[in-house]
Amino acid sequence: MHKSRLIKVGVIAALMIAVFAAGILGNRGNRVMAQDRAHNTYMVQAGGFGEANVEVLAFAPAYLKVHRGDTVMWHVTSFHNMRFGEQDEPFIIVQEINGAPTPIGNPKVVFPTLANGAAYTGGEANSGLPDVSDLKFHFSLVMDVEPGLYSYRCDVHPGMAGIIEVVADDEVIPSPGEVALMAETELDDQIDQAIGAYFGAAATAPTQAVDGVFTVITGVGGTGRASSLTFNSPLAMIKAGETVRWEVPADSPSAHFINSLPYDPVALPDLIPQENAGGPPTLLAGPGFLGTTADGATVAAGEGFNSRFLNPGESFSLTFKDPGVYAYICHVHPGMGGVVVVQ
Ligand SMILES: [Cu+2]
């Protein structure tokens, strides 16, 4: 045995020597070329989480310097894409399907245009969105582009953006270890800001309805790129016939839902894949996005309710006519929940 394996090893060794020799011979002149340097892999955090249910909707570091040929690896912690391009793209768009305007997941956001590990050579490029059943993933690109600034964004979270500067080969830049520390510091600073804002909002939360309306701040505002995934009054005590108004502050970075418990994700999918003959697949925006309960509706004992996707600056009101305990969550943000007690 082993003869064939020895031959293989010999062939590989010969090939390696040949490649090495070609490298030396090819390196004319005394300038160190980028392609002769050991390339680094830099990790960028795509979002992060902190105490008190804080989620950071930012890339960290937001500004990264690399050399041509280095790899950027995004550590994706939630529902984010990375898309290089000039324009913003909405996550949900309206398309005419069978004659009816239908909200769908924007294919430019949802689907990748480059494979994980591919070379980025400039222009438009998109990582696509992670599989919702496995949100934690890594996506990497080899930055094979001229020195310059390359900006990218997450289309699911408007304002979540990053810049990669490809610098000249001879410019000294932070090491991957230093970049990892920068990322940690950036995330921690934002998490601390959001925790402080949450405690401020909780301390000033209402204890009763005012003019028949109990207002629940849904995700605290003024938190920069960090999102406090909380209700400032997780316990809303009202009288029968009063209204709860959930308000997403315009200066908060996340959109939310109000979903009664028990919540059934199978019955209320967010995106529903559609087979399209001769075209790319379409993702219909499902009842999870569109909601099943109108703003301003009245809820009776035992009735469920599901709001539409509430963007910053939007609100959702329900009037509760029967005494009881009504627990609810925001189905896209684990740990974000509250209770309405109707007396
Ligand atoms: Cu939420």
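Among contacts between residues at least 6 apart in sequence, 66% join residues at least 24 apart. The model is predicted. Of the 343 residues of the protein, 32% count as buried. The protein has four helices and 23 strands.

**The nonpolar core**

The largest nonpolar core has 68 residues, and V44, V72, V244 and F320 have the most contacts inside it. Helix 3, residues 176-203, gives the most to this core, with eight residues.

F320 can be looked at on its own. Leaving aside its neighbours within four places in sequence, F320 is in contact with I238, A240, E242, V244, V299, Y326, V340 and V342.

**Helix 3**

Helix 3 has 28 residues, and the distance from its first C-alpha to its last is 41 Å, close to the 40 Å expected at 1.5 Å a residue. Its buried residues are V179, A183, E186, L187, Q190, I191, A194, A197, Y198 and A201. The buried residues of helix 3 pack against the strands in the table.

| Strand | Residues |
|---|---|
| Strand 1 | 41-50 |
| Strand 2 | 54-60 |
| Strand 3 | 63-67 |
| Strand 13 | 213-220 |
| Strand 14 | 226-231 |

Note on methods
Residues numbered from 1 in each chain as written. Predicted model: local features only at pLDDT ≥ 70, side-chain atom pairs only at ≥ 80, totals over all residues. Core = buried A, V, L, I, M, F, W, Y, C linked by C-beta atoms within 7 Å. Buried ≥ 20, exposed ≤ 12 C-beta atoms within 10 Å, placed from the backbone. Helix = DSSP H or I, 4+ residues; strand = E, 2+ residues; numbered from the N terminus. Contact = placed C-beta atoms within 7 Å. Expected span 1.5 Å × (residues − 1).
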